[in-house]
Amino acid sequence: MALSTEFTKLFGVRHPIALAPMGGSAGGALAAAVSRGGGLGMLGAGNGDPEWLARELPIVAQETVDPWGVGFQTWAIDVGAVERVLEHGPRAVMLSFGDPSPFAERIRQAGAVLIIQVTGLEEARQAVDLGADVIVAQGTESGGHGARHGRSTLPFVPVVVDLAAPVPVLAAGGIADGRGVAAALALGAAGAVIGTRFQATAEALVHPSIATAIVEGCGQDTERNRVLDIARSSRWPAQYTARTLGHRYLDQWRGREAELAADPQAQRAYQDDVARGDVPPLPVWAGEAVDLITDRPPAADLVAALATQAEDALTRAGRC
């Protein structure tokens, strides 16, 4: 059974699976591998750092002839970052976390597919009004940043599907195996955007200790909070919190975010702890489905395995 959807038809890919453009860790090798595997690889351009893009864009462009894209943290970029990416001919550009309106028309003019990720209904309505070609509905189970006051994937996705029709919607958040992909399709989505699972692959740009933490992690140990953003002096907007695995600073400052934000000495202490190696350089971004991750396969093999698992799950469901 081939899983043909509006998403696979739009991009000409074999499987309804997209790599979440995880800032920094979804580099050129990972994006290219996902695309070669039949999904849509998405480069995690984050804040549009020119040096990072100059290194990673040629890699994805050279390592695959299949469609690929780039994702940005919209609040952190300017038009120049989008222009630099468009020069390399991505099939899609994804905008997440912030107002996409300053960039939407330029992306369309370049002939790229405009993908907008949304974390609430107001954002979903804006994405429709801006003419998004694809909308990603992100539930709060997701690893990394997401809505501070959002909804879980199961109830959120079908609401966005109904609101956005006929625009195809992809489900994101808490999807780490083929059963999750099948569930996304059953909710009316045209595919799934998967992040944490692809951090534990051979091509991911993560330190081995982070990949190990993900493989050994447990979903009940993940937590959505602003503490680590504040401790790191990150400029992330307050409406977007981050889901991570447990961390010493979470235990120390949980419920005391305002106090931490007003204490420069505590933030310096965090940087000192990082410099000494007492805490990892970055939090371990991980979603609630992290329990399902038990190995670090090549990303292309993972795409194929996810698709097969999804097909099997839908076949079993059809027999009920």
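Predicted model: local features only at pLDDT ≥ 70, side-chain atom pairs only at ≥ 80, totals over all residues.
1. Strand 10 and strand 11 (residues 240-244) run antiparallel, and three bridges join them.

2. Three strands make up an open sheet, ordered 7-11-10 and paired in antiparallel fashion. Strand 7 (144-147) and strand 10 (223-225) are the edge strands; each has a single partner strand, so one side of each has no neighbour in the sheet. Going from one strand to the next, the twist averages 35°.

3. Over to the helices. Helix 3 (residues 50-63) packs with helix 4 (residues 79-86) at an angle of about 10°, and their axes lie 11 Å apart. Angles under 35 degrees count as roughly parallel, which is why helix 3 is described as roughly parallel to helix 4. As for handedness, helix 3 and helix 4 cross in the right-handed sense.

4. Which residues in helix 3 and helix 4 meet? From helix 3 come P50, L53 and L57, and they meet A81, R84 and V85 in helix 4. Sorted by class, the contact of helix 3 with helix 4 has five nonpolar residues, one charged and no polar.

Terms used:
Residues numbered from 1 in each chain as written. Heavy atoms only, no water. Axes fitted to C-alpha atoms, helices over the stretch in contact; angles between N-to-C directions. Helix = DSSP H or I, 4+ residues; strand = E, 2+ residues; numbered from the N terminus. Parallel < 35°, antiparallel > 145°, perpendicular 65-115°, else oblique. Left-handed = near helix turned anticlockwise from the far one by under 90°. Contact = heavy atoms within 4.5 Å. Nonpolar A, V, L, I, M, F, W, Y, C, P; charged D, E, K, R; others polar. Pairing = 2+ DSSP bridges.
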